[in-house]
Amino acid sequence: MEPLARNMAVGTAFCPEGDATLAKNPHDKPIEAVAEEGEVLLDGPDGMAESFTPNAAKRSAKHIEQAAKQAEQTGKSCG
């Protein structure tokens, strides 16, 4: 399991020191999503682009919502 996933699984915040990818200011623009040819296509900041199966997209959306709720409760973010 990746370090981020391992920390998310136990419900702890993950802000590694010195990791420029996660430690920079969080994005304030949401990811755009569209359905095309049976896939869910995501388009996000900094060139983020990915495609998911419908099932993986639904599960990811649940994980994102859970993490967002936790972040709102703790009031902390990396950056």
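The predicted model holds 1 salt bridge, a term applied where a side-chain nitrogen of Lys or Arg lies within 4 Å of a carboxyl oxygen of Asp or Glu. This salt bridge brings together the side chains of Glu 65 and Lys 69, with an N to O distance of 3.5 Å. The two residues are 4 residues apart in helix H3, so that about one helical turn separates Glu 65 from Lys 69. Glu 65 has a relative accessibility of 46% and therefore counts as partly exposed, and Lys 69 is likewise partly exposed, with a relative accessible area of 45%; here buried means under 20% relative accessible area, exposed over 50%, and partly exposed in between, with a 1.4 Å probe and protein chains only. Residues are numbered from 1 along each chain as its sequence is written. Because the model is predicted, local features need pLDDT of at least 70 and side-chain atom pairs count only at pLDDT 80 or more, whereas totals for chains, interfaces and linings use all residues, and side-chain values use heavy atoms, with hydrogens and water left out.

Helices (H or I, at least four residues) and strands (E, at least two) are DSSP runs numbered from the N terminus. Helix H3 comprises the 21 residues 54–74, which at 1.5 Å a residue should span 30 Å, and this agrees with its end C-alpha atoms, which are 30 Å apart; the expected span is 1.5 Å times one less than the number of residues. After H3 comes Gly 75, whose phi is positive, near 70°.

Strand E1 (residues 32–36) and strand E2 (residues 39–43) run antiparallel and are joined by 5 bridges, pairing being assigned if DSSP finds at least two bridges between two strands. Within this pairing, Ala 33 stands opposite Leu 42 in E2. The hairpin formed by E1 and E2 has 2 residues between the strands, and Glu 37 in the turn has a positive phi of about 50°. E2 also pairs with strand E3 (residues 49–52) in the antiparallel sense, over 4 bridges, with Val 40 opposite Phe 52 in E3. In the hairpin of E2 and E3, 5 residues lie between the strands, and Asp 46 in the turn has a positive phi of about 55°.

The loop between E2 and E3 also contains Pro 45, which counts as partly exposed at 27% relative accessibility. When residues up to four places away in sequence are not counted, Pro 45 touches His 27, Lys 29 and Ile 31, contact meaning heavy atoms within 4.5 Å. Pro 45 and Pro 30 are 15 residues apart in sequence, and their C-alpha atoms are 8.2 Å apart in space.
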